[in-house]
Amino acid sequence: MRSKAMPPTTFDLLADDDQQPARTEQIGEQSFVLRGFALPWVEQLLPVLEKILLAAPFRQMVTPGGFTLSVGLSSCGTLGWTTDRSGYRYTRIDPVSGQPWPAMPEVFSELAQAAAREAGFHHFEPDACLINRYLPGARMSLHQDKDERSYDPPIVSVSLGLPAMFLFGGFERNDKSQRVPLFHGDIVVWGGVDRLRYHGVLPLKDGYHPQLGGQRINFTFRTAG
Ligand code: MD3
Ligand code: FE
């Protein structure tokens with residue numbers, strides 16, 4: 001325990017709680033990892049997420065090529081991303097429930113906007129939040145995000161739960177990719193010249209996170225329409 005009479009030491013700053021100040025790492029010309037940026041918001045995000053998932057539970061979707069994605073998907077916002085045998089697209093209606101996707105909670109868009117601004121992208125107005133759930137073994141192979149109407153707005157991604165190894169590639173599938181570990185509370189912002197870079201996620205390792213359990217959840221905010 002730290003005595004009030006003692007000045008705080010560096011050791012105390014690390015020992016007192018596990019929340020470290022957010023730090024920004026640049027991983028591309030216009031791509032930034034905001035370490036721990038979401039940590040102060042997590043308590044607010046989780047109950048809201050639970051409500052969304054009651055209306056739009058995670059489901060495993062099929063690609064046009066007939067492969068089932070290992071990642072479970074849901075969405076909130078005006079537009080939700082889906083894939084089936086006939087292609088990838090954004091829809092206003094959740095094809096499973098037949099209802100509009102759950103609205104984007106204010107706390108979600110506020111966080112996404114604050115992160116975009118921190119990375120230098122002002123006036124970010126996301127209309128789609130894809131929610132990805134990785135259980136151990138789930139992965140996302142290298143791909144580009146090309147289903148949005150404009151590539152001008154950035155993309156903001158929030159990582160929660162188990163850590164994952166993110167692959168950040170180039171503009172062609174075979175370009176060498178860098179590996180970036182993403183931890184609970186990290187936010188990544190991609191925009192401008194990096195918007196169409198290939199990216200993916202290595203298979204999730206087994207583990208246990210005190211708040212999320214044995215899974216990783218990723219929110220991807222986009223201006224899709
Ligand atoms: C990099 N999701 O949903 S973060 C995706 O962690 C997706 O669930 C991954 O790739 C995940 O499409 C990676 C999001 C991400 C999104 C768009 C990008 C990273 C990006 C666009 C360009 C470069
Ligand atoms: Fe992607």
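This is a predicted model: local features need pLDDT of at least 70, side-chain atom pairs count only at pLDDT 80 or more; totals for chains, interfaces and linings use all residues.

Trainee: Which residues of α3 are buried?

Mentor: Phe108, Ser109, Leu111, Ala112, Ala115 and Ala116. Look down the axis of α3. The buried residues fall within an arc of 160 degrees, so they line one face of the helix.

Trainee: Which residues are exposed on the other side of α3?

Mentor: Glu106 and Glu110.

Trainee: What covers the buried residues of α3?

Mentor: The cover includes strands β2, β6, β8, β11 and β13.

Trainee: How many residues does the largest nonpolar core have?

Mentor: It has 48. Ala115, Cys129, Val156, Ile187 and Val189 have the most contacts inside this core. At least two residues come from each of β2 (31-35), α2 (42-55), α3 (106-118), β6 (128-134), β8 (155-161), β9 (164-168), β11 (187-190) and β13 (216-222).

Trainee: Take Val156. What is it in contact with, leaving aside neighbours within four places in sequence?

Mentor: Ala112, Ala115, Ala116, Phe124, Ile187, Val189 and Phe221. Ala112, Ala115 and Ala116 are among the buried residues of α3.

Trainee: Next, Leu160. Is this residue buried or exposed?

Mentor: Count the C-beta atoms around it. Leu160 has 25 others within 10 Å, and 20 or more makes a residue buried, so Leu160 is buried. Leu160 lies in strand β8. Beyond four places in sequence, Leu160 touches Val42, His184, Leu212 and Ile217. Check distances too: Leu160 and Ala116 are 44 residues apart in sequence and 18 Å apart in space, C-alpha to C-alpha.

Trainee: How does Leu53 read by the C-beta count?

Mentor: Leu53 is partly exposed, with 17 other C-beta atoms within 10 Å. Leu53 belongs to helix α2. Leaving aside neighbours within four places in sequence, Leu53 is in contact with Phe58 and Ser74. C-alpha to C-alpha, Leu53 and Ile131 are 9.4 Å apart in space, although 78 residues apart in sequence.

Trainee: And a loop residue, such as Leu135?

Mentor: Leu135 sits in the loop between β6 and β7 (140-143). With 16 C-beta neighbours inside 10 Å, Leu135 counts as partly exposed. Between the C-alpha atoms of Leu135 and Thr223, 88 residues apart along the chain, the separation is 27 Å.

Trainee: What should I look for in backbone angles?

Mentor: Gly120 follows α3 and has a positive phi, near 95 degrees. His123 has a positive phi too, near 60 degrees, in a residue other than glycine. His123 is found in the loop between α3 and β6. With 8 other C-beta atoms within 10 Å, His123 is exposed.

Trainee: Last, the ligand. Which residues come nearest to ligand 1?

Mentor: Of the 14 residues around ligand 1, these are Asn132, Ile155, Ser157, His199 and Asn218. Then sort the shell by element. β6, β8, β12 (199-201) and β13 each supply at least two residues. Then sort by class: the shell has 5 nonpolar, 5 polar and 4 charged residues.

Note on methods:
Residues are numbered from 1 along each chain as its sequence is written. Chains are lettered from A and ligands numbered from 1 in the order in which they are written. A nonpolar core is a set of buried Ala, Val, Leu, Ile, Met, Phe, Trp, Tyr and Cys residues joined through C-beta atoms within 7 Å. A residue is buried if 20 or more other C-beta atoms lie within 10 Å of its own, exposed if 12 or fewer, and partly exposed in between; C-beta atoms are placed from the backbone. Helices (H or I, at least four residues) and strands (E, at least two) are DSSP runs, numbered from the N terminus. Two residues are in contact if their C-beta atoms, placed from the backbone, lie within 7 Å. The arc is that of the directions from the helix axis to the C-beta atoms. A residue is near a molecule or strand if its C-beta atom, placed from the backbone, lies within 6 Å of it. Ala, Val, Leu, Ile, Met, Phe, Trp, Tyr, Cys and Pro count as nonpolar, Asp, Glu, Lys and Arg as charged, and the others, Gly among them, as polar.
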